Amino acid sequence: MKLFVILMTLSFLISCGKKEERKKEKFKLIETREIKNLGAKSYTYEHIKTGARVIYLDDQSPEKVFGIAFKTPVVDDSGVNHVFEHAVLQGSKKYPDKNLFYELDTKNIPSFLNAMTGQDYTVYPFSAVEPKSFDNLLDIYLDAVFNPLVLEDENTLKREGWRYDRNPNNNELIINGIVYNEMKGAFSNPYRNLSFRMNRLMYPDKMANYRFSSGGLPSSIPNLNLNHLKKTHEKYYTPSNSIVVLAGKQDIKKTLAKLDEYYSPYEKTKIATIETQNTQLKDEFHNENYPAPKGSPNIYIYGTLMKPKTSIPELAFITSLLADYEISPLKKLFVDNKFSGSFGLYNDNTIQPRGYCLIQGAKKDEVKKFRKLMDAKMKEIAKVGIDPKIIDLALRDYKKQLAKSQYSKERASDLTTSIATSYFYYDKPYLFISDDKIKILEELAQNPEKIKKLIGEYFVNNTNKLEIFFSPDENLLSKNETLEKNKLDKFEKNLSDIELENLNSNIKKFNTWSKEPVDKKIIDSIPSVKLSDLSDSEISVVKRDEESIDGVTFVDNDINTYDINLVSLKFDTNGFNQSEKLDSELFTRLMTTSSTKDFSFEEISTNLTKYFFKLNLSNKTVLLDKDSISKRFVINFEYLQGDNKKVYNILENLFLNGNFDNKLEIKKRLEGFRDSILTSSSDANVINIVSVIKAMSMINPNYNYYLDEEINFNGRGYYIYPPMLTKLNNILENYDENFGQLQKDMKEIRKKIFNKHNLLIFYANRGNYKNFKKDITPLLNKMNNRLTPEKNYGKLENSNLAIAVPAQNGSTSWGNNLVDMKYKYSGKYKIMSNMINEYLNNKIRVQNGAYGAWFYITLNKDIVASSYRDGEIDKTIDTYKDIPKYLESELNIKQEKFDGFILKSMAKYYQAYTPDTLMNLSYTHYLYNIDLEDMEREKSEVLATSKKDIPEFIEIMTKFIEQKYYSTVNSESIIKEKGNNSHFDKVIKFEEIK
């Protein structure tokens, strides 16, 4: 009996302990599932007090991911959410450093670090392979979003958002600020303006969130004040209104405990509501202008607004069926009726999406007929349905996209935005990252009656429609600049003497604040990784096996590609002259336009979608050193081994047996190509690229090869060469007469491209190399094999150029070369680069208001300083000139700060790579003959760098600025007002670039 009582008492105590333990639980696990395509087990948690959701994808990756997203509907054009996103990481209650974001990667080693503003939510993602960095950044990010310093300090708003300032050249009143300048650059893009105007017309309700610019309209950003920021934070930045995404191998209990630390002060709040368009649209025809260079295309839009919470996967699938493929009914309708321009049907990924057709290069006298035929065709399809072949093709296409989930280069950003979208719209966080989406589409594909019903619901019976015809206006951008200037002049003239004195005083106060150093105690409070903390990291190199067969070099890369064959054919084009290079560039766009020996044009298009993950063609120039250059025509393609016979039959037809007989399709491709070159002249990325190239071509004539191809800086490709514009205009001006010669040119350049002499083949799919070699050899045996002598046509630029473009701000670059300056590269120069980057960021971004600035050393030992979305010229050039002075001021730099620059240089050794980035890395190492020993030596040089090396840095940068190799690409007015004439030998227009 006594034993029984003891056992009962013990059982009771244990039970009480468990109840007490449950009381202390902060999160409850509400779902566990497998996400097979990501190789992850997923856990969904809910914070008990606030209801905040947390998704953990345990994929055992060494790259640990964190992202927090807040639902932030846009309520006006002030850019409040965008400015707040910038300001959040510029200091917090716990870490009150006004330059917090810029300290993070000198004190820690992130593999990704950023924040982004969307139409419906704002996300703050980061990732890290180094464990301590992840823990440190987690606390910093959480404190930043929940306790931002900007709520107490208006100077952060002035710096990151907008402020009044003075033009140093003429003392005129101007508006400055990072987001303000970013959005001026963004709205220089013709399509950004067009999209904004389209939103205004399709969401006309006064408070419909999608009518507003999430980034901010430049003319409205100056309406933003600190009170608006405070209200935004109070309303949106609560745990209940958020979702957290975690991934990688991490201690989930520890991470949840850290989240609870920041969640627990909050009570449960409502999730923000997105205000949709409720008033029925009037089915009207709107005539609009959009700012674009002379010769830009007319653009016609026929839009249909859907109901709120329309299923994005189903809508996207329906639009694909209708128009994505050459056999799609609406695409065929457009082609068969020989309408002008290029046609596409698109949909938004929003809670109230649109389905809209867009015709680039439309003719006004054709659009009425087009709409009539399109409406009739939609009614017909809603009755008779879609060809099953198209349904099967589209389903296979979407499955291929899911199969490449492991190829995400920015996991933290991609996972957070995908999960946030599906959670905030449908309360289904896994919809866009798992096979849930495919299951929905499979069910839809097996239900043709539902497809017909949805086409009727989305497009036929939905009367929520309108039409817009956009005409280009080359003067619209300059008119807006004049209006802004006049508005400021009027504002200043209407100020009283006291008000004017206060305004000037505030400008001075801000400038003083922006230059004030942060207290060392505050900087030291930021959690950091010490060099001594670092565990030895594995240097990322790819094992390669190389062999030569009949003059062709095969390189097999040991990479896990998840059973997808990655192939890169790199044909030598060193023997091409400039005319042939232009023809090869045309070939990249025209190879897939026509019938071949065995296939019709429609069959080619269908098979490319069916059997290839991708097929990309491009000219790629790589500068190896001062005198050596690699010029190759590159074809990258991906496929599954089971499709090998189909794949190589298609390639043989495209490479060797294309007819180039589709006269209409070829014309449309040429017109689209021409329009893309025209509109790219105001794109911020293109502007930055051109300024770099024109500065560097004063040192190395080979840089001018970049101008006549699709170049790739930071993963973005842009075709920017104006001489191609002349060639296209000449072809299109008398197209019927010129078509026969164009056919001959394409067939002739094809013979020259597909020459297996000096062909280099890069391949990856672990364990499958023998099968690949067997599959591709018959194709190679049918190609030419002849030596072509090398031809050079790059010219050394002998002028400091100012290039005028139709944009509201631009880029200024300065360059030189280490070898020319008599230096041998060392890993210690990475520390020099990091020091200069901090200086440029502080001067050009923080103080001068540009979006960004960079300093880097290329693999061919060129040194480049460049700004981005930068409305200043003189200030930027003076900043470059003062780099040696800055380095001199750092001779007595604190050791801890110097170690931070070393730490930042170690980031490359703590990265996670996708299969395709590993493939690119391997090719880079191959080209530059970099091996593991070279990388280990560079790493040891980085770690051995000391403050004693700073005098050498000063010496290098003094020589850097002695030779004035610089260029600016900016608006004509900025060049006149903020560019000292003595800086530049010539001012030319974009189309005059050679």
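Author: Let us start with secondary structure: helices and strands are DSSP runs, numbered from the N terminus. Please keep in mind that this is a predicted model.

Reader: How many helices and strands does the secondary structure of the protein come to?

Author: The protein has 35 helices and 29 strands.

Reader: How does one judge the overall form, and what radius of gyration does the protein have?

Author: The radius of gyration is taken over C-alpha atoms and is set beside a value for a globule. For 994 residues, a compact globule would have a radius near 30 Å; the protein has 29 Å, so the two agree. Along the principal axes, the C-alpha atoms fill a box of roughly 95 × 80 × 70 Å. As for contacts between residues at least 6 apart in sequence, 81% join residues at least 24 apart.

Reader: What share of the residues is buried, and what is the accessible surface of the protein?

Author: Buried residues account for 60% of the 994 residues. The accessible surface is about 41700 Å², and carbon and sulfur atoms hold 48% of that surface.

Reader: Is Lys372 buried or exposed?

Author: A residue counts as exposed when its relative accessible area is over 50%. Lys372 has 66%, so it is exposed. This lysine is placed in helix α12, residues 364-384. Between the C-alpha atoms of Lys372 and Ile271 there are 43 Å, and the two residues are 101 residues apart along the chain.

Reader: Which residues of the largest nonpolar core touch the most other members?

Author: This core has 64 residues, and those touching the most other members are Val54, Phe66, Ile68, Tyr124, Phe146, Leu259 and Tyr263. Helix α4, residues 131-146, gives the most to the core, with nine residues. Among the residues that Ile68 touches are Tyr124, Leu142, Phe146, Ile243, Tyr263 and Thr416. A second, separate core has 55 residues, including Phe576, Leu608, Ile731 and Leu759.

Reader: How is a pair of aromatic rings described?

Author: One gives the distance of the centres and the angle of the planes. Rings pair if their centres lie within 6.5 Å, and planes over 60 degrees apart count as edge-to-face. By this rule the count comes to 56 aromatic pairs. In one of them, Phe554 and Tyr769 have ring centres 6.5 Å apart and planes at 70 degrees, so this pair is edge-to-face.

Reader: Where in the chain do Phe554 and Tyr769 lie?

Author: Phe554 is in strand β17 (residues 552-557) and Tyr769 in helix α27 (residues 769-780); the pair links distant parts of the chain, 215 residues apart. Phe554 is buried, with a relative accessible area of 2%, and Tyr769 counts as buried at 13%.

Reader: What are the distance and the angle for the pair of Tyr966 and Phe984?

Author: Their centres are 5.9 Å apart and their planes lie at 90 degrees, an edge-to-face pair. Tyr966 belongs to strand β28 (residues 966-970), whereas Phe984 is in the loop between α35 (972-978) and β29 (986-989), 18 residues apart. Both Tyr966 and Phe984 are buried.

Reader: Which residues do ring pairs link into a cluster?

Author: The cluster is made up of Phe27, Phe70, Phe84, Tyr124, Phe146, Tyr237, Tyr263 and Tyr266.

Reader: Which ring does the charged end of Lys98 sit over?

Author: The charged end of Lys98 sits over the ring of Trp513, 4.5 Å from its centre. In another case, Arg845 lies over the face of Tyr851, 5.3 Å from the ring centre.

Methods: Residues numbered from 1 in each chain as written. Predicted model: local features only at pLDDT ≥ 70, side-chain atom pairs only at ≥ 80, totals over all residues. Heavy atoms only, no water. Phe/Tyr/Trp six-rings, centres within 6.5 Å; stacked < 30°, edge-to-face > 60°. Helix = DSSP H or I, 4+ residues; strand = E, 2+ residues; numbered from the N terminus. Buried < 20%, exposed > 50% of the residue type's maximum accessible area, 1.4 Å probe, protein only. Lys NZ or Arg CZ within 6 Å of the ring centre and 35° of its normal. Core = buried A, V, L, I, M, F, W, Y, C linked by side-chain atoms within 4.5 Å. Contact = heavy atoms within 4.5 Å. Rg over C-alpha atoms; globule rule 2.2 N^0.38 Å. Areas by Shrake-Rupley, 256 points an atom, 1.4 Å probe, with all protein chains shown as cover. Lists of a residue's contacts leave out its neighbours within four places in sequence.
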